[in-house]
Structures are given as C-alpha cells and as structure tokens.
Amino acid sequence: MTRCPENIQLAAGLPGDGFLSALPAELREVLSCGADPAIYPRGSTIHSPGSKLRPGVVVTGLVRAYVTADDGREATVRYVYRGDAFGLADIFVADPALGLQALSETTVLYFDESQVSHAVANDVG
C-alpha cells in the first residue's frame, strides 16, 4: 500500500510560506509521494551529530538545531518550524556537527534523497 495520498495530505497542510509551497505542484507531489513520515516524542533526538542527515520538512511541532562542543556543551543554531526544510545541503556537503531535537511532539516528512538530488541536478522547479 502506497503512502502517497497520506503524504500529499500532510504536505498540503503546511503553511503557505513553507519550503514546499515554493516548489511547483508537480515537484511537491513527487517529493511527497516518495517521502517517509516519522513521529518523534517531545525531547527525543531526531538526528545525532556525526550521522548522515536525511532531507526532510517539519510537518508538525518544533525542532531545535544545535552543535555540540568537544566538552559536551550544546549551542542552539536555529529553530526549525512547521513547513521548514532541513538536510538539503547535506546532499552536497555533510555537516557532522549538527544535531536535531524535538521540542514538542514532531512529525517529519523525510524526502527520498535520490529524488531531491535528481530535482536539483535537472533544475526542476
């Protein structure tokens, strides 16, 4: 069973000024259909520093992006809000120091990396 209709519905509920709204409808549909949703409880780690970050968009919730110093201290770099994308630059250059944490229950729609790479390489949108 495909998740495509559910993913398109998730993406359709995002703010009009979010990442996906800036893309052509056809590309939004392709990325949404190839995506995998994931739900994270408040306080959980979405991405650990040092691991590969998958490209995605925050559907619900609030995410803290942070870096960790050698002594274990953390510094917040930015907040990732509903409709914001993350991990797109990691397709080209990995940022091993970046971590992501759910500050509230958060739903993320993870894009298929090969579809994102194809869209970028072919200047789709």
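Me: What makes β4 and β5 count as paired strands?

Reply: Two strands pair if there are at least two bridges between them. In this predicted model, β4 and β5 (residues 74-80) are joined by 6 bridges in the antiparallel sense, so they meet the cut-off of at least two. One place to look is valine 67, which stands opposite alanine 75 in β5. The hairpin of β4 and β5 has 5 residues between the strands, and glycine 72 there takes a positive phi near 95°.

Me: Which strands pair with β8, and how do you know that they do?

Reply: β1 pairs with β8 over 5 bridges in the antiparallel sense, and β3 (residues 56-60) pairs with β8 over 4 bridges, also antiparallel. Threonine 60 has threonine 107 in β8 as its bridge partner.

Me: What makes β8 mostly covered?

Reply: In β8, 5 of its 5 residues are buried. Thr106, Val108 and Tyr110 point one way, while Thr107 and Leu109 point the other way, and all are buried. In a regular strand the side chains alternate between the two faces of the sheet.

Me: How do you know that the side chain of histidine 47 makes polar contacts?

Reply: The distance cut-off for N or O atoms is within 3.5 Å. A polar atom of the histidine 47 side chain lies 3.1 Å from the backbone oxygen of serine 51, and the side chain reaches the backbone oxygen of leucine 98 at 3.3 Å. Both distances are within 3.5 Å.

Me: And why is proline 96 called buried or exposed?

Reply: Exposed means over 50%. Proline 96 is at 52% relative accessibility, so it counts as exposed. Proline 96 is found in the loop between β6 (85-86) and β7 (98-102). Its contacts, leaving aside neighbours within four places in sequence, are Pro49 and Gly50. Proline 96 and glycine 50 are 46 residues apart in sequence, yet 4.2 Å apart in space, C-alpha to C-alpha.

Me: Why is the pair of phenylalanine 86 and tyrosine 110 called edge-to-face?

Reply: Ring centres must lie within 6.5 Å, and planes over 60 degrees apart count as edge-to-face. Here the rings are 6.2 Å apart, centre to centre, with 85° between the planes, so both tests are passed. Searching the whole structure finds 1 aromatic pair. Phenylalanine 86 is in strand β6 and tyrosine 110 in strand β8, 24 residues apart. Both phenylalanine 86 and tyrosine 110 are buried.

Me: Which residues have the most contacts inside the largest nonpolar core?

Reply: They are Tyr40, Ile46, Phe86, Leu100 and Tyr110, in a core of 14 residues. The elements giving two or more residues are β1 (36-40), β4 (63-68), β7 and β8 (106-110). β7 gives the most, with 3 residues. There is also a second, separate core of 11 residues, including Leu20, Leu27, Ala35 and Val116.

Methods
Residues numbered from 1 in each chain as written. Predicted model: local features only at pLDDT ≥ 70, side-chain atom pairs only at ≥ 80, totals over all residues. Heavy atoms only, no water. Buried < 20%, exposed > 50% of the residue type's maximum accessible area, 1.4 Å probe, protein only. Contact = heavy atoms within 4.5 Å. Core = buried A, V, L, I, M, F, W, Y, C linked by side-chain atoms within 4.5 Å. Polar contact = N/O pair within 3.5 Å; in protein donor to acceptor, adjacent residues only side chain to side chain. Phe/Tyr/Trp six-rings, centres within 6.5 Å; stacked < 30°, edge-to-face > 60°.
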